[in-house]
Amino acid sequence: MIGNSVIRKEAWDKVTGAAKYTNDYIKAGTLHAKLVTSRYAHAKIKEIDTRAAQTVPGVRAILTGEGLPLTGEDLRDRPPIAFEKVRYHGEVVAVVVADTLVQAEKAANLVRITYEPLPVVGSPREALKEGAPLIHEQLGSYQKGIGTYPEPNTNIAHRTKIRKGNMEKGWAESDVVVEANISFSPSDHAAMETRCAIAEIRPDGYIMIHASSQSPFMIKKLISSYFGEDVGKVIVHTPLVGGAYGGKTPVQLELLAYLASKAVGGRKVSIWNTREDDIITSPVHIGLEATVKLGCTNDGYLKAAEILYLFDGGAYSDKAIDVSRAGAVDCTGPYHIENVWCDSLCVYTNHPYACPFRGFGHGELSFAIERTMDLLAEKLQMDRLELRMKNAIRPGHTTPTQVLLNNSNVGNLPKCIKRLRELIHWDDWQRIEIDARTVRAKGVSCIWKTSTVDTDASSGAILTFNPDGSINLISGVVEIGTGTKTILAQILAEKMKMDIKDIHVKMEVDTQTTPEHWKTVASRGTFMAGRAVLEAADDAIRQLKEIASIVLRTPIEDLEVGYGKVFLRDDPTIYVDIKDIAYGYKYPNGNAIGGQIIGLGNYILRHLTYLDKETGAGKPGPEWTVGAQAVEIEFDKRDYTYKIIRAVSVIDIGKVLNEKAAIGQVIGAMSMGLSWASRETFLFDRYERVLNPQLRTYRPLRFGEHPEYVVEFVETPQIDAPYGARGAGEHGLIGMPAALANALSIAAEVPLNELPLVPELIWRKKKGEHHGSI
């Protein structure tokens, strides 16, 4: 089964429309909630007048933020409903619950809120200026977790430091130095299914949550932690999820649905984001301002890196702290640099609060590093791929957090670069003039990523056998569109030597009956759940052999399992069918032994550590996936428009488990990366209000606008991974923004260090930053 292109287990339901998502579970009698959101980005709440709203027929409750606990995984700084002041445009100020959605919307429009506007903070650099308005005056009193370091009386929610080597030595050995500033604003995840949640509190105290989420088990834990509920009575159901990309990792609407249900006596309440709410009210893709300074020898070997990452965490830290930490962990990109100084800050602004986006901070840091690498190559007058090849991370090198790399925990970046050079015909040309106004150019980038996850993150799997010998596979991985549960079925089919059609996969996650999987994030599903499935398979095989050894009167050591049988390894003609022992074995006289085979398995990440506060030393993740990417564009020198012709990725995936699924994942990520790089961003007015909160004005890459995609894989097996496979769900995105910016910078002959790469930006850079401005 390994390497085969297996059709997804849920494919038929999806293409026929039979697949069920969270909102499909709304039943008659369900109440509906509507969010009342702030029209200001920063303001005191002087009064909330709900009298007119309460007169609307069907209104059952109106919730405000008074008396609610602060929430947040790393730092508890966010009230579920704003209290005393609002900190971003779109923040929830009240929740109206009514019999119908129309009634809830009508009442929500009648809630009158009196605000006192406050000065706004519109960027991380602005937030760090002396005298900048404080967004969280009580930062020093917030409850925080291990490894979180807020800085009271500032707008810094967290700082991660990386101190490796000797910077004085590094700069002394550097003959050539370049420095670059890059920036981009927050943007959206634009998942097809907007975020939604349904909550019900039953008379017996059980709290039932249905949620479109990547973190059903975290919902369970946090509701218990925040509100003092019995964790065993919080039951979360997550069916198929219509896209997530990190945006459904945080817990937000689930808390509001729970509070709404509690306010109406436990009745079932549904909260469903409109597209506009999903864009500005729920967590967004993080922004970044960065300064990167690199030093190297005259022959191009990197000696020093000094890096400052200012991540735009928005109004609340939530998962932005984790993203900023991930940016620090791999701050140099996939290059060997002995002397590194990096500060990565999660900074408060009056923007919508941020969360992970596909790549978890690595697309962001890669844009900064890879743009600087191109500038360095230009200054050295060196081939851009040659510079990257010389400095490519390899076994024997150490990461910025001082983890020693080996042949298992890091892929083969030089091999990826070499293959990329061939695929894009790099040596033929990098920039050519087609005619008087048209230029073609190629840009390249290199990528790497580890998963900065909780040190005790775990995953479990249960296998239950049916009387016909088929197997039910139960895992806590959420099917968010990645096809991971089909991959798990392939892993099990390979281990059991059986047909994958005889493996039945439970798609819905039910936290009461499904073994826990930490979160479906960070390209960890196949690795962690795959290890759990293999252990569960070993457990099932052991039980099958125990029963078969009695039936066949042979030592367990002489038996093999596969092809629907348990058989003698030296004489396969002597066997017992698995279907005859899957529920135990009954002798002719009626005696029985054994029982239903139930295989159990779990896996917990090993040897991960917290990062040292002062140096950043520590092991944040189990392995590093590497790759090389390129973009070819056609640029119009007269009107500054361009067309993306080809995009290429070569990624060391360890081992390809499902070829077409892997290619599809990488292409999907590549398209997201190009869309973000070329057009996606929030437009803010001077009051930091989002001006484009709908898909008419927030415009992702659409059908017919895609380039040719080319994907190839290098295979350097990861020894401790299921059949050697590394995570690859995010990696196609990581280098696309940088590769596109590098190509356009070559074509337009001007450095482009901002996103998105719209024609107006290129025009302004060519003509002068303020040319044509009013």
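A polar contact here is a pair of N or O atoms within 3.5 Å; within protein, one must be able to donate a hydrogen and the other to accept it. Keep that cut-off in mind for the interface stop below. The model on screen is predicted.

**Whole chain.** Start with everything selected. The chain holds 18 helices and 32 strands. Its radius of gyration is 27 Å, close to the 28 Å that the globule rule gives for 774 residues, so the chain is as compact as a globular protein of that length. Along the principal axes, the C-alpha atoms fill a box of roughly 95 × 75 × 50 Å.

**Domains.** Now colour by domain. Select 11-118 + 195-272 for domain 1. Select 284-453 + 609-767 for domain 2. Domain 3 is 458-604.

**Domain 2 against domain 3.** The C-alpha centres of domain 2 and domain 3 lie 40 Å apart. Domain 2 gives 19 residues to the contact, and domain 3 gives 18 residues. Together the two domains bury about 1,500 Å² between them. Of that area, 60% is on carbon and sulfur atoms.

How many residue pairs are in polar contact between domain 2 and domain 3? The count is 6, with both residues at pLDDT 80 or more. On the side of domain 2 that touches domain 3, the classes split into 7 nonpolar, 7 polar and 5 charged residues.

**The salt bridge.** Stay at this interface. The rule finds 1 salt bridge across it. Select R524 and E623, which form a salt bridge. The closest N and O atoms of R524 and E623 are 2.8 Å apart.

**Backbone stop one.** Go to K497. This residue sits in the loop between helix 13 (484-496) and strand 22 (503-505). Check the phi of K497: it is positive, about 55°, although K497 is not a glycine.

**Backbone stop two.** Finish at P756. Look in the loop between helix 17 (736-748) and helix 18 (759-767). What kind of peptide bond joins L755 and P756? The bond is cis, with omega about -5°.

Notes:
Residues numbered from 1 in each chain as written. Predicted model: local features only at pLDDT ≥ 70, side-chain atom pairs only at ≥ 80, totals over all residues. Heavy atoms only, no water. Domains from an automatic or database assignment. Contact = heavy atoms within 4.5 Å. Buried area = accessible area lost by both parts, 1.4 Å probe. Salt bridge = Lys/Arg side-chain N within 4 Å of Asp/Glu carboxyl O. Polar contact = N/O pair within 3.5 Å; in protein donor to acceptor, adjacent residues only side chain to side chain. Nonpolar A, V, L, I, M, F, W, Y, C, P; charged D, E, K, R; others polar. Helix = DSSP H or I, 4+ residues; strand = E, 2+ residues; numbered from the N terminus. Rg over C-alpha atoms; globule rule 2.2 N^0.38 Å.
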